[in-house]
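Have the viewer open and follow along.

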Amino acid sequence: MPTSWNRLPRVTHARLIELQDRNAGLPDTDSPLLAWGNGRSYGDVCLNDGGTLLLTQGMDRLITFDRNTGVLDCEAGIMLGDILRWCLPQGWMLPVVPGTQWITVGGAIANDVHGKNHHVAGTFGRHVLEMELLRSDGERLLTSPTVNAELFAATIGGLGLTGLITRVRLRMIPANNELMLTEGIPFGHLDAFWELNDRIGGEWPYTVSWIDCVARGRRLGRGVFLAGRHAPPQPAGVRLPQWRDHSRSIPFDLPFSLLNRHSVRGFNALYYRVARSSGRRLQHYQPYFFPLDGIRNWNRVYGRKGFYQYQCVLPREHAREGIRALLRRIATSGQGSFLAVLKTFGDMPSPGLLSFPRPGVTLALDFSNHGSLTHRLFADLDDMVSSAGGALYPGKDARMSVTMFRRGFPQWERFATFVDPAFSSTFWRRMNP
Amino acid sequence: MNATPRRIVIFGATSRIATETARLWLARGVHLVVVARSPERLRMLSDDLSIRSGGLAEVDAVAADLEDLDALPALWDSLTQRFDDLDGVLIAHGNLPDQARCESDSQAMLRAIRVNALSAMTLLTAIANDFEKRKRGVIGVIGSVAGDRGRKSNYVYGAAKGMLTLFLQGLRNRLHGSGVAVVTLKPGFVITPMTQDFERDGLLWARPEAVARGIVQAFARRRDVVYLPWFWRPILWVIRMIPEPVFKRLSL
């Protein structure tokens, strides 16, 4: 049963259809369609209750790759991790990777994902040169920034609603090897984060900060600034960091959440202490970009009731006081978990009509599902995000209000004109009651 | 002996499990000959494999209708003439028939037996003699846990895979000592297009990549009978132990 990553909401689909052949037409069904890649988005953008899910993982072939220019043509169901495995040894890297490699290229486009290099590279969609879109009227349309440009802009960040993405042409970036030069710099409070971010953020192509969302008072917003860049060519004969897939999975849903006030506090304190001593080092790209991929089903630690992720972006002019207010509210609630992430977005415009990243700062945290307690906290956070002129990330959302969506994505009405009439999702119906 | 073959033919190479297996073998430097019905899907597969290997791999594609039993001995002959160093075969083609249809239509039932058992056995007859003469090689065939005991929900498919299992048992016995390994691969529930109409929920469902890893390992270790994943072995042991007077009442 396909779910989203936070396992909320639980919905039933009328049909699941595995796609294998990118040249085949859309299946004949009378229920609304939606592509489902690997279910790593949160909430309901990848769900379609009562409808049909088109499972795209069988459409995972590479089509052409130009080893001189780094231009890759591939089917949309291939996962980023599957691309990284062969492209890095050949000297190429994906231009943008989010916090997990287990998402499909189609999903990366549909949510216009961002990575630690947003301030220099922008979103994933910026590196898409061309896409083929299969529409329910039988048309197979080539779209690019110059051909069917409006449909292209609607499809990037378009939550899979503009038709089925079958093939994608991407521009990769060169990389010398599979190594990253990384540095972890601790900061004792929020002001120190801003100072650090302004001072050295621009020197590193990849930056992200982990925040101790439990710390309060003078320590509010303490954390670790994690910076990285691709390593230069390495001298021969030197022992280099290796990586082997030792990933473990949590085989079943725990009956209750392992995360509570005490375990989270302990984890955060420990992480802060360990990260403080990390300094500058060479690291394999896997643990640097995808630390959580080491535990394949980490979502199960939240137990049967599932969890929420809250990810917002605040425009730059209100970022400082906005983030402070959000963190203070979260710290006093005692509900935050160990995955609090703070990252500045750069100025590069996102190409999609519904793209989430915009100049400013984004904060993301996971929360165990404590029912109304959690929802009351979210309502307060929503007020703060709204008054700062911010937005919530649809790809991480299971509960935002229609007003919040429309305010955060003012182009939603224009976007709606590009939605394929045969496509829909639980999220889209929730936003268009 | 512990060595993966150097050049492997995969029959039914465009299936999910076979494709994943081909990608793993390729990463280990194995030369591949991929056989399937659709020339277009074969070309898509070989392009994919070639890019993954950085253009270094040797992948040859041969389109053939594996349900045309009369043509299979000649197909094998042409393969051995083109590739004189073949030392591995993976037979992966087959499909899940509609059990209800097979109960009402004997032609549908016979087709299911042909594609899931007779086709592989026809190929194996030619392959076995050839490998026996050369005194080396690994022959792996994808059977199924469904072949371990007949059940009302899919006994036609089960009968075909069961026939294949028995055939492979005998062949393994015959080729023992000849240097040729015969590997029976028995996947359980795998998330592939073949099983899209099932409720695919729960711990028993495996991803095709995991099954492919098991196949690669079974070839390298020249195993006899492998359940994929391993936990199906004790499950099927229990299922086989249930006395028939009890079993016939069950809905498993």
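Before we start, one cut-off: a residue is called buried when its relative accessible area is under 20%. Keep in mind, too, that this is a predicted model.

Start with the rings. A pair of aromatic rings is described by the distance of the centres and the angle of the planes. Over all chains, the structure holds 29 aromatic pairs. Take Trp298(A) and Phe307(A): their ring centres are 5.8 Å apart with the planes at 50°, so this pair is tilted. How accessible are the two partners? Trp298(A) has a relative accessible area of 8%, so it is buried, and Phe307(A), at 0%, is buried as well.

Now hop over to Phe415(A) and Trp428(A), an aromatic pair with an edge-to-face arrangement, 5.3 Å from centre to centre and 80° between the planes. Which parts of chain A does this pair tie together? Phe415(A) belongs to helix H11 (residues 412-416) and Trp428(A) to helix H12 (residues 426-431), so the pair links parts that are 13 residues apart in sequence. Phe415(A) is buried at 0% relative accessible area, and Trp428(A) is buried at 9%.

Chain B has its own aromatic gathering: Phe189(B), Phe198(B), Trp205(B), Trp230(B), Phe231(B) and Trp232(B) make up one cluster. In chain A, the charged end of Arg40(A) sits over the ring of Trp5(A), 3.6 Å from the ring centre. In chain B, Arg149(B) lies over the face of Phe247(B), 3.8 Å from the centre of that ring.

Next, have a look at helix H5 of chain A, residues 190-200. Which of its residues are buried? They are Leu190(A), Ala192(A), Phe193(A), Trp194(A), Leu196(A), Asn197(A) and Ile200(A). These buried residues pack against a whole set of elements of chain A, namely strands S11 (179-187), S12 (206-211), S13 (223-230), S16 (341-345) and S17 (360-368), along with helix H8.

On to the empty space. Rolling a probe the size of a water molecule over the atoms shows where empty space is left. The structure holds 6 cavities of 30 Å³ or more, and the largest cavity has about 80 Å³ of space. Its lining includes Cys213(A), Arg216(A), Arg261(A), Arg265(A), Ile330(A) and Gly336(A). The elements that give two or more residues to this lining are helix H6 (261-276) and helix H8 (316-333) of chain A. By class, the lining of the largest cavity splits into 5 nonpolar, 3 polar and 3 charged residues.

The second largest cavity holds about 50 Å³. Which residues line it? Gln20(A), Gly58(A), Asp60(A) and Arg61(A) come from chain A, and Thr14(B), Ser15(B), Arg16(B), Thr19(B) and Arg23(B) from chain B. This lining has no nonpolar residues, with 5 polar and 4 charged ones.

Finally, go to the second largest pocket, with about 1,200 Å³ of space. It is lined by 45 residues, and Ser15(B), Gly94(B), Asn95(B), Leu96(B) and Met194(B) lie nearest its centre. Helices H1 (16-27), H5 (106-134) and H6 (155-175) of chain B each supply at least two of the lining residues. The lining of this pocket divides into 18 nonpolar, 18 polar and 9 charged residues.

Methods
Residues numbered from 1 in each chain as written. Chains lettered and ligands numbered in written order. Predicted model: local features only at pLDDT ≥ 70, side-chain atom pairs only at ≥ 80, totals over all residues. Heavy atoms only, no water. Phe/Tyr/Trp six-rings, centres within 6.5 Å; stacked < 30°, edge-to-face > 60°. Buried < 20%, exposed > 50% of the residue type's maximum accessible area, 1.4 Å probe, protein only. Helix = DSSP H or I, 4+ residues; strand = E, 2+ residues; numbered from the N terminus. Lys NZ or Arg CZ within 6 Å of the ring centre and 35° of its normal. 1 Å grid on protein atoms, 1.4 Å probe; cavity = no way out; pocket = protein on both sides within 12 Å on 5 of 7 lines; lining within 4 Å. Points joined across faces, edges and corners; volume = space filled by probe spheres on them. Nonpolar A, V, L, I, M, F, W, Y, C, P; charged D, E, K, R; others polar. Contact = heavy atoms within 4.5 Å.
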